[in-house]
Structures are given as C-alpha cells and as structure tokens.
Amino acid sequence: MHETTHHHADTLKSHVEEATGVILSHCYQCGKCTAGCPLNEEMDIMPNQILRILQAEMPGYENKVLSSLSIWLCLACDTCYSRCPQEVLLSKVMDYLRQESIRQNKVNPKAKDILSFHKAFLDSIKLNGKLHEVGLTIDYKLRSLNMLQDVQLVPSMMSKGKLAIFPHQVQNTKEIAKIFKRISENKGDQQ
Amino acid sequence: MKIGYYPGCSLEGSSKEYNDSLFAVAEKCGVTLEEIKDWSCCGASAAHNLNHDLSLALPARTLALAGSQGFAEIVVPCAACYSRLASTNHEISENVTVKTKIEGYIDLKLTADVKILTVFEFLQKYIFPTVDKHIVNKLNQKAACYYGCLYTRPKETAAVDQIENPMEMDEVMVKAGATPIDWAFKTECCGAGLSVSRTDIVAKLSGKILEAAADRGAESIVVACPMCHMNLDMRRPEIKKQLKKDINIPVLFITQALGLSMGIPADKLGLNKHYVSTNKVVNCIVKMEA
Amino acid sequence: MARIGVFICHCGENISATVDVAKVAEKAGKLSGVAFSVDYKYMCSDPGQTLIIEAIKKHKLTGIVVAACSPRMHEGTFRKAAEKAGINPYFCEMANIREQVSWVHPKSDTTTQKALDIVRTLVEKVKKNTALFPIKVPVTKTALVIGGGIAGIQAALDIANAGHQVIMVEKKPSIGGHMSQLSETFPTLDCSQCILTPRMVEVAQHPNITLHTYAEVESVSGFVGNFDVKIKMKAKSVDYSKCTGCGACWQKCPSKKIPDEFNEGMGFRTAIYSPFPQAVPNKPVIDRLNCTWFLKGKCGLCTKICPTGAINYDAVDEFIDVKVGAIVTATGFDLKHADFFPEYGYGKFKDVIDGMQFERLASASGPTAGEIRRPSDGKIPEKIVFVACAGSRDKAKGIEYCSKICCMYTAKHAMLYKHKNHEGKAYVFYMDIRAAGKDYDEFVRRAIEEDEVQYIRGRVSRIYEKNEKLIVKGVDTLMNGEPVDIEADMVVLATAVVANIEAESLAQKLHISYNKHKFFAEAHPKLKPVETNTAGIMLAGACQSAKDIPESVSQASASASKVIGLFSSSELTREPIVAVVNRQAPPNYTSCTGCLLCQEVCPYHAIETEEIKDRAGNVLKVVARVNAGLCQGCGTCVAMCRNKSIDLQGFSNDQMLSEVMALLNS
C-alpha cells in the first residue's frame, strides 16, 4: 500500500482501504466492471454501485453493501479487475466485505447456502487437512437443510470412483487444526 | 531432476481421471512426477472468501513443504490450486511482514524459491521435447479449448500470454492432431464454486459456454480445471434444463486429449469416468500413417 | 579603487515594515568600498531611478547595489538606469531583501542583520564585476515548417504573408494531414476538404513558400537564427519537372491491391499513386516496396504510358542543406492502432473500426463513396455502437490523459450515420462528455435531441462476434448499473490520440524536450504554450497535445507570430551571461586541455571545439569554445571543468567566491 494523505475516519471505506490497500477514489464509476460481470443479472447491487456506496461515505448506506447478496454471488473471477481502466482490485475488496459482513452479522439470508458451503468446506479441511467430499456434503446438508439436493448423483459418483467414503488425511491432522487456531487467536480473520 | 507434483483434493477425489491421464502421458515420455509428501488442501475459494490469513497460510504450507523437500519446480494441474499457490507466492514475496506472519502460523520456513508450473507449462517444457515420436493418432476433430478464469486472471498470476485469447492449450491440441477453434467464450466464468449452493447459476453460465462452443461447430471441449470440468460435464442435466435443449459435446481434460493421440487406451485415461459420453471423440480418432 | 553605491528600497511597507532600512543604509555606508548609501521608498519609480542616476554621476560611482525585490522583477529597470548614467549596466547588481528577507521572516534584529549580510555579499561581488556587452547573433530570415497538416499550413502562410521565406517539409506525398481525411468537421459539419484544399493550394502557389513533399528532416544543427538543416528528399521515382499530373500512370498500374494508407486500410491503391484526388502537389510517387518493377524487375507499364517521360526508376534519395532562422514543428498526431484492445476485438473483427476509418467510410471520396457500410460484407449497418474513451483516461492501457477530440467527433459520427440512415440506430457508450469549445455543447445536444442518438453512460466490457453480429456488453450506470447488451452491426471505437510515430526521433534531432507520451514539451504550460525550451523552435498543433482544428490553427498563428518577432530585426540580442573558455598569450593560448568534459555535459550543445594553430597553420591543440548564441548560462560546464578554464560571465568563480567569503567573514 503506498503512502496516501487519506485520513482514517471510521467509515467502511477507510477500513476497506486500510485492510486491502485498494484506493477507492481511483474508481471513476465507468461501470466496465458491471458490464462484464458474469453475475450481473443475479446481483442486487452492481459492482460499480458497491464501490460508489463505499466512496460516498454516507451514513446508513454501508449496511446495504454488507447485507447485499452481491458480495456472496461474486465468484472472484477477476473479469472486473482484468478490464478496469484504473486497475482497481475489486475482488480483494469483495473478500474483505464478505468477511466484514460475517463479523457484523449482516449476511444476506439468501446467501445462507453459499456461506454454509464455504463453512462446510473449511470444516472438512480443519478436520482432515484435505477435502472429504462426503464429509463436506453431510456438513452442508445439515447446515442448509437441502437434504435431497444432488442425491441422484451419489450412485454414479460412487461407481465412477469419485466418492471416497473415508477421508484422505494428512499425516498429522492436529498440525492443520493448530494453524486454524493460531489464526483465530491472532484475530487473523478480523484484519 | 525431480519435478514435484501437487494434485490437490480434486485430483485425488472427484477428478481422479485428470490425475491418471497426466501420469499416463508423463510415463510414456519417461518423465517422473513426485508427489509432495504430506501435502494439504490449498483452501480453494472457501478460504479466501472467509479468512484472508487462512487463504495465505494453507497454500504457504504446501510451498514450504515443497521447498524443504528439495523441489525447484512443482506441477499443479488444478487451476484453483494453481491460482491460490501463485497468488500466495506473489503476496509473501512482496511483503516481508506478511511472510513472517504466515511462517508463524504454519510453523514452517518459506525459504526456497519454488517455481509453480501449470499443466500446460509442464507439457510444453517436459513433454513436448519428446512427444512427437509417441503421437500415433490424430484426434481429427474441432476442439474448443476452454481456459476459464484462474489461468487468465488476475494479471499478476496469469499463466497465459494473451489474456483475452489464450493459445497454450490450443497448441497442445494441434500437437494432438485436432483443430482448435476460435470462439468467444474461452475465458468466461463457468460458475465455479457455486456448483452446489447455486446450481442454477452454474447451469446458466456453463450453459452459455456450451452454447458458444456448439455455435462454432465444436465437437469437444477441452479443459484443465476440475471445477470447470464438473460444471460442464456432471452438471449437464441442469444445463439441459436451463437451455431447454440437449447439447452432446463431451468435455475432456487436456491430458486425456493428448493421451488419446499418444495411443493410450481410453480406460487408462479415465474417459469412462465422465458423465457425458466421450465415445464420439474416441471414434473420431484416425491412426496416422507410419 | 571601487566606489560602490548602495540603494535600499522600502518597497512601500513591503520591506520597511520588517527590515530597519535606515539602519541597513547607514551600516552599508560604512563598508569598505562603499562611497554612497541611501534608502528610499520606491526605488523602481521614476524619482527613485533619477536618484540613482544622479548619485552615480555626482559621486562618480563605479558600481551599484540596489537592495530591493527579486532581480526577476527589476534587474532590467536598474541596469537601464545605470546605463543612462553612463556606466556599464553589468556593474549593477540587486540584493533581494524582499522575497528572501522581509517576506519570509518576522520583524526582528536578526532579520535586519540578514538584509545587511545580503547587501554586503553583493557589494563584494560588484567589486569583482567586469563590463559585459550584449551578444549579437545574425538571423537568417527563413523559417522551416516541419509538417504539412492544417497547423503547418497555417503557420507557413502566416510567416510567408509577413514577407519571410518559408520551407515546408512533409513526409507524405501530399500535404493536408489528417484534416484531409475527414469527411466533415465539427461543430459546423463543414466539408473538411472544401475548407482545407484552398489553403493547400495557397501554400503550393505562394511565392515565399518552398514546398518539399515526400521529404523528411535528416539532421539539424546550429542555434536560433542560424540553423543548418539537412533535408532528405525521398526518391519519388517521378520527375516533377516533367510530370503534369494527368493520372494515366496510376489509372493503368496493374498493382491495384495495396492497402491504402489514406483510406486507413479500408480500400486499395496502386503502386504508383497520388494519395487522394485533391492532393497537393497532384503528382504521383512510386511505392517501391510494392511496385513490381522494384520487386521483380518486370512491368514498367507507367514508363511506357507517361506522355512526358517523367517516370525515373533510377532516382535516388537526395539530400539538400538549407539555412533557416527558426523552426516550427507541426507534425501532428496519430490514432493508436495497435492491438491494444483485445476485449473489443480491435484488429481482429473486421467490423470493429476506429474513428478515422469511419471518416473514410463517411467521406464522399472514400472507399464506399460516402455510404456507411460494413467492411466485412458491405451491408449497410442498422445498428452502430460508438465506444468513447477507447484507450484514453485508461491507466491500465498506459494512457491516462484525455484525448480531447473524441467526444466531439463521436457525436459527429453518430449524426452523420443518422443523416445517411434515418431508420438506423446509433448508440454511444460514454463516461463524460467533453464539449467545452464554442458551440460544442450545442452540437452534442443536437445529436441527442434532434438526431435521436442514444447516449448511454457506461463503458463496454467486451465485444465478440456471434452469427455475423457484434455482441456489445455494456452497462448503463445512470440506470442503477443495468447491464446493456446490444447486437450491433458495426462498432466504432474512439481510440486514443497519440503522438506521431516519428515524434521521438524528430525531437532528438531538434534537441527539444518531450514527455513520456512523446508529445513535445512547451516552454511553460501556461505562459509559453507555443515555444519550446530550445530557442528558435516553436510548436504548433497536435504534436504538443491532442487538440482540435480551431486550436491547432490558433496555435499555428501564435507560433508564426513568434517567428515573425524573431525575424523583426536582422540581429538577435542576447544577454551576455554565457560561459567563456579562457584565452591566454602564447605559448599557452589557453589553460583548457581539450578534455571536452564540458561538451559532454552541456544540455544545450553549446560547446564546440576550436583548433589552436601556430603561424604556419599547424594545429597545436584542440580546445573547447562556447557558442555564445546557444549558451544559456547554466554553469554546468564550469562545475565540470577540472582545471577551471571555463567561467561564467556575470557569475564568475571569483565573484561567487567573494560573496561566500563576505558571508563567512561577518
């Protein structure tokens, strides 16, 4: 992050800039990110609007961003960044906003399943060091209550050898769990 | 020299055929890939979505292990693993404070400079020099090479020369005797990690890709990413519902396509593990004259 | 024995409110060598100057120090006064006790002491001053205009009409520049060629203008008033003294498929060609890279057909040397052509074109006789999308600046299309509309309100081909970021304006500065927009920065006026603050050893060599010599010289040292 003369107010904008190093005033709202985003038809707030809301620093609007569905739909495909004329690293801002929306307990209800999947994934890693698809699925179904989703795939996946009943694990799974612990103790998930 | 290998969770599990076909091709050319001992998950999208430090720590563990096991180069066939390892490498090499912090988390040192190779960089460097004498078949068909997002963006870690129109896989397909087509959706997103939580979005995005390939007369789609493969192959029924039509184009991993041209049998390449039948591809093969 | 006069100015209250001027005057009067010291309210006023003049005469002063404002303000004033009083003006120095004392310090004894210190140092300096005399440099009253576009044409005509000789050099076979390629110009929609060609003809026929087309500047040396220019006259392969421009040769030339530069690659031309029907001169040249005779030794049809025997395959590049007094660079701009927009398919998709290519389509003399047609299949497009800011204001593409003219010409293009195709649909994707000139905003409103061009505020992420259409993926940011996808038949990109491709090499030949985008640097961005930092070289038009025709013409006339001012006397007077290499009596002749380090570091190329010869004409040594016409008195050479053989008049080592010693010995 380069030296700036930005003063640090207690706005979401200043937190984003400090945590990610992205200077939001570089964005001149051309909209090219929104134009190329593969999810633009599904999002509730468009990518360029998310940046505009952050830039505007108007009280009460920050919640809109943190409780939007858009930040959870964002796939970090970086189409926006690759075409942005001002080279604004939007995907890094999105990562931060996702984490902040969890911290502030403002996750959009429609994003519940998406978040459940990510959490189930990380649970599996914490436990095994590697992904156990069956474990992930069970965890996800318990979180999302989508019990019947994809059950039709189970027989074919098993016969094709794509589903392992037992997890592949690293030699010392405690080592992985320790990494998770150290990070949460360091408040590494809070930037 | 030993070349390290990082399969990642998918190549050990749901995309095992990618792993098998890569090994089959390497073996035929006398190249040995050595798996990094005790590797762990790279964190994929879940980590960077939920926890920035974790998203660096998990790949860093693998890089540290690779370094301490003496690998100067590692091959990472999965696009997501590649992207996570490369961007972690980028971030820790730019910032000493971050590097030290991550070393503290993983309790390992990040000293060695490990070069991370994508599957096509590996093929270009280690397979191409000796592959010509092994090529016995021509694939004889129009192939749409699909690169997706993580090999082409962001520019700091991109593994291709031309971000909007990459040609690295196209070159491999030419070697295999196929005709790579020029098409407009080479780098559009397939829907990635929303495969389970928002299958409808994957159906829509992957559907567009399939349609664009079909529009230009593609007879197969070639990928180098387990996620893209799953979305285009396993999710075909959902795509069919979305598009309201059935497009039969099979999806192959790049190593499978090259393997077929090298005369490696289809079952050894794991072609029977796909959902959309690859029989048409296999039947199109033409044996080359001696 | 020095008799110095010291004059302390109050400058109203500017100085006297902070510095005790009476005390300074009193103390200064006691310094050794000072014969007279006084303070006064306004030294620069008439009574103030009279005071100085009378004091010089009465007290027989040999030099004066005026302690007042910055020398940049009134050094000239006081030096003239000294001259009037009968002493050499360079015995007058100013001590700056305003900008450097009273304006930056609070009132105190220390401040007054500082003022006195400064006065004392200048007194010591003046004791070492010598008489200096202005340098006279002759002026050749011929101007060189490089570039035959509208700016070059205007400058040439203005200088020629003032009675001076002009040599114009244009690298293409015809003058006219980009303006000749335009169909209509904003904001009037005047036919471009109709207003340009009379000027072109005027240039060709003007008795004071010598026009060299298909020629380039090869090298430039010399200095203001006295430039030596070598011009390369490229081999035209046609003898213009015989050619009548009948056109038989290019009509019959069998090589008809050469991509046409004038039509921006949208049409073809022959190997022997004149670029366009109104070309001046309207005589052809042979493109040797594509001519069958030069490639294979076959054909030769033109030489058989030419009624006057003007074809000459054996012609070679010729070089001529000319002497000029001033140079005007008017080399214009280019549009960025390279494949730098892969997401738009520019260079890949035939129906994605740039603004200049659209001009040629719209032009009655263009490849489609003025009908807007798709380059791919010749069909008339029903939907055209115009993309503004394609490359400009784009840090990621390496061009941060705004290209200034695109908002206007995009509106113009959309209007031209609608005028020719009433039922067609035109869309413009823009970020901002820059229409600040006279009648400009009204012009854009006309496009929107009268011609129903659909303006959408947002940028385009991507363009790709599908079933012979171009899919344009854009956004409307004024509609809450609504994605806008258009199936267009043609896309016109307003690509960035960049410097002429040869700008950098020309700038290096001329020794003028340029910025990182290769636009030539003006001497001062606000107050000297048409001069460069190199004396005698002026700028006109888009070579300095992107601009439209009215501005280019204004700038051209302005640069012409600078040239005319330069030519208004037969001699140029320059301040004698220049470096001089010492000369001594034989056998030394000079302490300079000829190491020429000074020459290497001089930023103005003002150091030459001189051969010291004995009576028999044998060269004894080669030493440095300063060209007083070019030297700007920066002193770099003085710092560099290892044995102090070179010194700066008016700021000699001796003078500087005495100032320093005066400060140290307080």
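The model is predicted, so local features need pLDDT of at least 70 and side-chain atom pairs count only at pLDDT 80 or more, while totals for chains, interfaces and linings use all residues. Residues are numbered from 1 along each chain as its sequence is written, with chains lettered from A and ligands numbered from 1 in the order in which they are written.

**Helix H13 of chain C**
- H13(C) spans residues 440-449, and its buried residues are Phe443(C), Val444(C) and Ala447(C).
- Those three sit on the same side of H13(C), because they cover an arc of only 95° around the axis.
- Over on the other side, Glu442(C) and Glu449(C) are exposed.
- Buried means 20 or more other C-beta atoms within 10 Å of a residue's own, and exposed means 12 or fewer, with C-beta atoms placed from the backbone.
- The arc is taken from the directions from the helix axis to the C-beta atoms.
- Helices (H or I, at least four residues) and strands (E, at least two) are DSSP runs, numbered from the N terminus.

**Chain C against chain A**
- Chain C puts 19 residues into the contact and chain A puts in 17, where contact means C-beta atoms, placed from the backbone, within 7 Å.
- On the chain C side, strand E25 (residues 469-476) gives the most, with 3 residues.

**The two domains of chain B**
- The domain assignment, automatic or from a database, gives domain 1 (3-117) and domain 2 (134-287).
- Their centres, taken over C-alpha atoms, are 24 Å apart.
- The contact takes 25 residues from domain 1 of chain B and 26 from domain 2 of chain B.

Methods: Two residues are in contact if their C-beta atoms, placed from the backbone, lie within 7 Å.
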